[in-house]
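Reader: I would like to learn how to read a few features of a protein model. Please take them one at a time.

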Amino acid sequence: MRTSPARKIAPPRFIPARPQKRGASLRWLRWSVILGVWGGLAAAVVVLVLLWDLPRPEDALLHTRRPITTLAAADGRVFATSGDLYGEVLRLSAMPAHLPAAFLAVEDRRFRQHFGLDVIGLLRAAWANLAEGRVVQGGSTLTQQLAKNLFLTPERSMRRKGQEALLALWLESRFSKDQLLEIYLNRVYLGGGAYGVDAAARLYFGVPARRLAPWQSAMLAGLPKAPSRLNPRANPDAAIARALEVLRDMVETGALTAAEARLAQEQIDLPSASGRDTGWFADWVQDDLAERFPGNADLTLRTTLDLRLQGIAEQRLEAMLAGPGAAARVGQAAFLAMDATTGAVRVMVGGRSYARSPFNRAVQARRQPGSAFKPVVFLAALERGLGPDDTVSDGALRGRWSPGNGGWRSHGAISLEDALAHSVNTAAVRVLAAGGGARVAAAVAARLGLPGPFPNDATMALGTGEASLMELTGMIAAICNGGMQAPAFGIASAEAGRRSLTLARPGAERAMAPEHAASLRRMLAAAVDHGTGRAAAITGGETIGKTGTTQGFRDAWFIGCSRGLAAGVWMGNDDATPMEGVTGGALPARLFRDVMENAR
């Protein structure tokens with residue numbers, strides 16, 4: 001058998017690898033090092049910028065609260081509080097289980113899984129916001145919210161968000177999850193000056209947090225989103241709607257069953273609101289508290305406010321503006337009532353709604369008083385020796401200027417009593433001259449608490465200066481009480497803890513002689529009996545008063561006194577647009593009567 005010769009297998013050819021360019025490798029390494037160094041420096045700079053003015057967390061945890069000021073009405077009922085209200089500091093074990101569960105369900109469902117920053121939550125929020133084209137979800141964790149509330153300002157900026165993240169990481173490294181939740185629940189701001197769930201539970205429901213029902217826990221858990229707008233005192237309907245959202249979230253997270261949530265919904269029962277819009281009065285009495293009561297003690301102030309009459313005034317004012325006022329283009333009004341002898345303010349309504357406009361039209365607004373100023377002019381004449389029965393011409397004035405008298409038909413000569421009762425302008429100008437002119441009248445006005453400014457000419461007789469409703473009401477009080485000043489005040493007594501505080505009040509000074517006050521009361525009683533203020537007449541008791549209407553129907557006033565109270569009404573528009581024919585003897589006089597008939 002022939003065998004074929006063995007084949008020689010050639011050895012494989014060795015192809016040497018192409019040598020890499022050493023220069024390219026070095027350049028890549030060099031750039032990697034450079035980028036790493038500069039990236040590290042940039043990150044360090046960012047951290048330094050965030051840490052530059054970051055508060056010391058240890059110091060911020062030693063939080064001190066603002067002193068509490070409690071305002072009580074004349075009958076002892078509390079109607080307002082300010083300052084930082086803190087309740088009992090509670091452990092989680094002392095709270096009903098549904099309370100922390102409600103906050104976690106609505107604020108941070110992944111609280112126990114994340115490390116202070118919830119990456120999944122951030123991505124989910126970013127996707128939802130991108131899909132909607134606007135911000136509809138936030139990605140902040142409960143720990144971030146705690147960091148913001150404890151250490152940072154409400155500023156919205158990327159820098160503040162970075163600081164918030166750093167502080168959240170610090171909190172997570174320092175405290176356990178249970179401790180963080182306890183700190184949050186005991187410190188979170190829940191509106192109305194209340195910090196922490198126990199203070200809020202007592203403020204809104206009158207119970208400690210230990211005894212909260214599920215619907216109450218849900219309502220509190222809904223407040224961090226907008227504590228001023230959603231709290232039960234400010235907006236009960238919005239608070240209930242938000243609580244229902246939280247109950248649904250609690251069902252989704254398993255904190256409640258559907259049946260338990262339905263039962264909680266059926267049990268919602270908020271305490272009835274006081275119905276008193278006392279914000280203007282509260283602001284006024286607290287305006288100078290720091291100067292009057294220096295220190296950091298909690299204050300309890302018994303005020304002069306009559307809650308019953310305050311509520312009546314608010315209701316009557318709104319009904320007047322919503323009805324005949326709306327038809328006559330009247331946008332705003334104010335009502336003030338004080339004790340005619342002491343000056344104690346019983347009612348203060350500074351507008352239609354304190355929530356919509358806290359500007360106090362009873363105190364802060366300075367407008368032309370119109371004919372409501374005329375008692376000052378006539379007092380100056382009385383002090384020059386004239387009396388209510390003396391006569392004055394009511395005809396047109398000679399010269400370049402003569403004011404109109406409205407519907408008044410000239411009689412040639414009328415008594416001072418009729419001139420004031422019927423608010424005859426030409427007669428008032430002549431009475432101003434008889435009383436010594438504008439300078440003398442300005443001095444008389446200052447004695448009555450009307451600082452002006454006033455024009456130094458004959459138009460002053462028609463009330464072309466400036467005055468507030470409180471100043472005009474104080475003037476009518478002095479006429480009513482026999483001639484003594486009655487400086488307005490709102491605090492009857494004050495306590496710091498259990499210690500009574502001394503109240504300093506200006507002493508009452510005589511503003512006019514008793515006989516001149518009696519003459520003015522006689523003339524102003526005639527104004528209500530058969531003059532321009534007839535609509536203000538009250539059955540059962542003497543009523544005195546004066547109307548005022550400014551040019552173009554921009555302001556309408558009535559100031560008067562009845563049943564021991566001096567009261568004033570202003571109506572108009574904040575932008576001084578004219579009303580449709582509204583005079584002081586019409587809607588303002590009617591509002592005065594509607595409220596004062598209920599005084600006792």
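Reader: In which loop is Arg-329 found?

Author: This is a predicted model, in which local features need pLDDT of at least 70, side-chain atom pairs count only at pLDDT 80 or more, and totals for chains, interfaces and linings use all residues. Residues are numbered from 1 along each chain as its sequence is written, and side-chain values use heavy atoms, with hydrogens and water left out. Helices (H or I, at least four residues) and strands (E, at least two) are DSSP runs, numbered from the N terminus. Arg-329 lies in the loop between helix H15 (307-327) and strand S6 (332-339).

Reader: What is the phi of Arg-329?

Author: Most residues other than glycine have a negative phi. Arg-329 has a positive phi, near 60°. Arg-563, also not a glycine, has a positive phi of about 55°, and sits in the loop between strands S13 (555-562) and S14 (565-572).

Reader: Which peptide bond is cis?

Author: Most peptide bonds are trans. The bond joining Gly-452 and Pro-453 is cis, with omega about 10°.

Reader: Is Leu-146 buried or exposed?

Author: Buried means under 20% relative accessible area, exposed over 50%, and partly exposed in between (1.4 Å probe, protein chains only). Leu-146 has 2% relative accessibility, so it counts as buried. Arg-329, at 47%, counts as partly exposed.

Reader: Which residues does Leu-146 touch?

Author: Contact means heavy atoms within 4.5 Å. Leaving out residues up to four places away in sequence, Leu-146 in helix H5 (residues 142-151) touches Leu-171, Leu-180, Ile-183 and Tyr-184.
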